[in-house]
Amino acid sequence: MDKNDTRKLLDTWFNFKFRLLAGGIAVGLLSGIVVVLFRFVLEYALEHVLIFYHYQLEHLWLVPMWLILLAIAGWFTGMLVKYQPAISGSGIPQVKATLQNRLEMNWWKAVIAKFAGGAISIGAGLSLGREGPSIQIGALVAEGFSRVLRTTKTESHMLITCGASAGLAAAFNAPIAGVIFALEEVHMNFSPLVMIAALASSLVADFVSKEFFGMSPVFHFSNIGAIPLSQFYHLILLGILVGVMGMFFNKGIYGFQDLYKKITWLPAQFRPVIPFLLAGILGLCLPSVLGGGNNLINDLVAGPFSLKLLILILVVKFLFTLISYGSSAPGGIFLPMLVIGGIVGVIYCKLANGLMGSPVLSESSFLILAMAGYLTASLKAPITGIILITEMTGTFTNLLSTGVVCLVAYMTAEFFRSQPIYEVLLERFLHQGKTESQTKESGKIILEFPIHAGSLLDGISIKEYKWPAECLIVSVKRGSAEKLPHGDFVLLGGDYLTILTGERYASDVRESLHIAASESTWT
């Protein structure tokens with residue numbers, strides 16, 4: 001790329017805010033439509049599968065035929081994953097890899113395969129969530145939109161972030177959580193420019209979703225009162241409990257992935273057959289553990305469950321989720337994690353009330369708090385946990401309590417040095433050695449990095465730091481002012497660096513500067 005092309009790219013960067021906003025709106029509309037269709041197919045399929053299980057109990061001769069059909073569906077899903085490896089699992093690590101220039105996909109083939117594989121897997125009853133596939137589908141639609149318009153790589157990455165945000169918003173009717181998750185977990189920084197576009201994308205996708213599914217939140221809670229301050233010590237205990245269990249869940253996911261790989265006599269395309277057949281068995285004896293589990297959460301609120309039954313559901317749901325996800329079947333873990341966390345909260349509440357001799361603690365409230373804490377411990381994304389649960393339940397009553405539980409759960413995971421699950425899954429996916437594709441283009445890309453207070457770059461001049469060889473500091477944004485940097489320019493916490501680099505070096509530059517700009521040097 002010559003100097004004229006570089007100048008053109010920089011001119012585009014400084015003048016495309018409104019075009020990016022318009023692109024975010026378009027991506028939100030397109031992604032919202034596709035994800036809403038995906039969500040409808042899942043809910044329709046799972047609803048009728050559950051009805052069919054009840055029918056099978058009265059017509060047992062259908063059971064063998066159904067198990068054969070499930071085995072075929074599992075094999076077909078495995079074949080989809082074999083020919084499109086990037087659709088395996090939730091898809092969120094793959095979106096992160098795309099934004100880091102570590103993975104390239106044929107977007108339209110991946111959309112079709114992810115849609116079909118996710119619909120079959122979740123519709124058949126595997127303990128997987130719709131949020132991961134929805135995020136990946138939204139990101140892939142955004143990538144296709146970018147390629148049709150032939151946008152720059154920088155703008156394409158921003159629109160992919162918008163698509164991921166729209167996917168989560170449409171999957172859970174949670175537009176703000178979609179934005180926070182896309183920036184906190186996918187884009188890896190809170191760029192104001194991307195945030196505005198992602199917010200527009202999420203709002204449009206949420207509008208499409210609510211136009212189709214209605215205005216009600218995903219979880220139906222009513223009469224949720226605020227937790228008295230005298231009970232806040234329970235929040236600390238609950239936060240520690242879900243923090244430890246969230247880490248245990250992460251370890252279980254990695255362990256079952258390794259376990260499947262050790263079964264060398266079973267070809268990779270046949271691995272999903274195991275959870276599909278297990279779903280057929282559980283559908284006859286414990287159907288409440290099938291699917292993502294949002295109906296189970298609503299059932300926990302609506303009617304009482306015995307402690308023994310709750311423990312049984314918790315153990316089976318936990319193991320079934322690990323077996324389902326470990327097989328590489330397309331599907332997410334958000335929703336199963338929320339369900340497992342909610343069950344833990346209800347069990348804690350029952351045990352505490354039993355020890356105190358009276359129903360002092362509210363099961364519904366502690367169910368909500370445990371969902372948020374469990375998700376936070378696994379993802380290590382507390383803001384996403386707080387906002388997501390607040391939007392999905394439609395209540396702000398226990399916002400303070402949710403914050404306390406999420407903070408304790410996060411610090412518990414931090415104390416044991418637990419890594420965010422999607423970071424680990426990303427490295428595991430790329431190290432498979434079969435699906436990673438290095439970028440072949442020699443174009444250039446613009447990256448943004450917020451400088452955190454107390455980080456290595458905070459308070460030093462530009463010439464004092466040894467910058468990666470293949471990067472150029474274009475500007476430093478301080479407040480609303482755009483500064484043109486020079487060697488003696490002193491960087492401060494709160495500044496935003498705009499960096500120009502080549503696509504092939506983007507991953508290394510991103511990793512190096514992310515550490516320098518975010519990790520604290522305070523002791």
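Predicted model: local features only at pLDDT ≥ 70, side-chain atom pairs only at ≥ 80, totals over all residues.

Me: Is S202 buried or exposed?
Reply: S202 lies in helix α9, residues 192-213. Its relative accessible area is 0%. Buried means under 20%. So S202 is buried.

Me: Which side chain makes a polar contact with the side chain of S202?
Reply: Leave out residues up to four places away in sequence, and S202 touches S165, A166, A169, P175, G178 and V179. A polar contact needs a pair of N or O atoms within 3.5 Å. At 2.3 Å, the side chain that makes one with the side chain of S202 is that of S165.

Me: Which residues touch the most other members of the largest nonpolar core?
Reply: This core has 120 residues. Helix α14, residues 334-356, gives the most to the core, with 13 residues. The residues that touch the most other members are F249 and F334.

Me: Which residues does F334 touch, not counting residues up to four places away in sequence?
Reply: Contact means heavy atoms within 4.5 Å. By that rule the list for F334 is E131, L168, F172, F181, L375, L379, L388 and Y422.

Me: How many residues are in the other core, the one that holds I445 and F489?
Reply: This core lies apart from the largest one. Among its members are I445, I462, F489 and I499. Its count is 21 residues.

Me: What kind of pair do the rings of F40 and F212 make?
Reply: A pair of aromatic rings is described by the distance of the centres and the angle of the planes. For F40 and F212 the centres are 5.6 Å apart and the planes stand at 80°. Planes over 60 degrees apart count as edge-to-face. So the F40 and F212 pair is edge-to-face.

Me: How many residues apart are F40 and F212?
Reply: F40 is in helix α2, residues 17-58, and F212 is in helix α9. Their pair links distant parts of the chain. The separation is 172 residues.

Me: What kind of pair do the rings of F52 and Y55 make?
Reply: F52 and Y55 are three residues apart in helix α2, about one helical turn. Their ring centres are 6.3 Å apart, with planes at 20°. Planes under 30 degrees apart count as stacked. So the F52 and Y55 pair is stacked.

Me: Which class of accessibility does Y55 fall into?
Reply: Buried means under 20% and exposed over 50%, with partly exposed in between. Y55 has 40% relative accessibility. That value makes Y55 partly exposed.

Me: Over which ring does the charged end of R39 sit?
Reply: Ring pairs link F40, Y44, F212 and F213 into a cluster. The charged end of R39 sits 4.1 Å from the centre of one of these rings. That ring belongs to F213.

Me: How far from the ring centre of Y410 is K380?
Reply: K380 lies over the face of Y410. A charge over a ring must be within 6 Å of the ring centre. Here the distance is 5.5 Å.

Me: What distance separates the C-alpha atoms of K82 and F270?
Reply: K82 is in helix α3, residues 62-83. Along the chain, K82 and F270 are 188 residues apart. Their C-alpha atoms are separated by 10.0 Å.

Me: How many bridges join strand β1 to β4?
Reply: Strand β1 covers residues 444-450, and the two strands run antiparallel. In one of the bridges, F449 has L497 of β4 as its partner. The bridges number seven.

Me: Which residue of β4 stands opposite L472?
Reply: Strand β2, residues 471-478, pairs with strand β4, residues 496-502. The pairing is antiparallel, over six bridges. C471 stands opposite T501. L472 stands opposite L500.

Me: Which residue in the turn between β2 and β3 has a positive phi?
Reply: β2 pairs with strand β3, residues 481-483, in the antiparallel sense over three bridges. The two form a hairpin with two residues between them. With a phi of about 65°, the residue is G479.

Me: Which residues of β4 point the other way from Y496, T498, L500 and G502?
Reply: In a regular strand the side chains alternate between the two faces of the sheet. Seven of the seven residues of β4 are buried, so the strand is largely enclosed by the rest of the structure. Those pointing the other way are L497, I499 and T501.

Definitions and conventions. Residues numbered from 1 in each chain as written. Heavy atoms only, no water. Helix = DSSP H or I, 4+ residues; strand = E, 2+ residues; numbered from the N terminus. Buried < 20%, exposed > 50% of the residue type's maximum accessible area, 1.4 Å probe, protein only. Polar contact = N/O pair within 3.5 Å; in protein donor to acceptor, adjacent residues only side chain to side chain. Core = buried A, V, L, I, M, F, W, Y, C linked by side-chain atoms within 4.5 Å. Phe/Tyr/Trp six-rings, centres within 6.5 Å; stacked < 30°, edge-to-face > 60°. Lys NZ or Arg CZ within 6 Å of the ring centre and 35° of its normal. Pairing = 2+ DSSP bridges.
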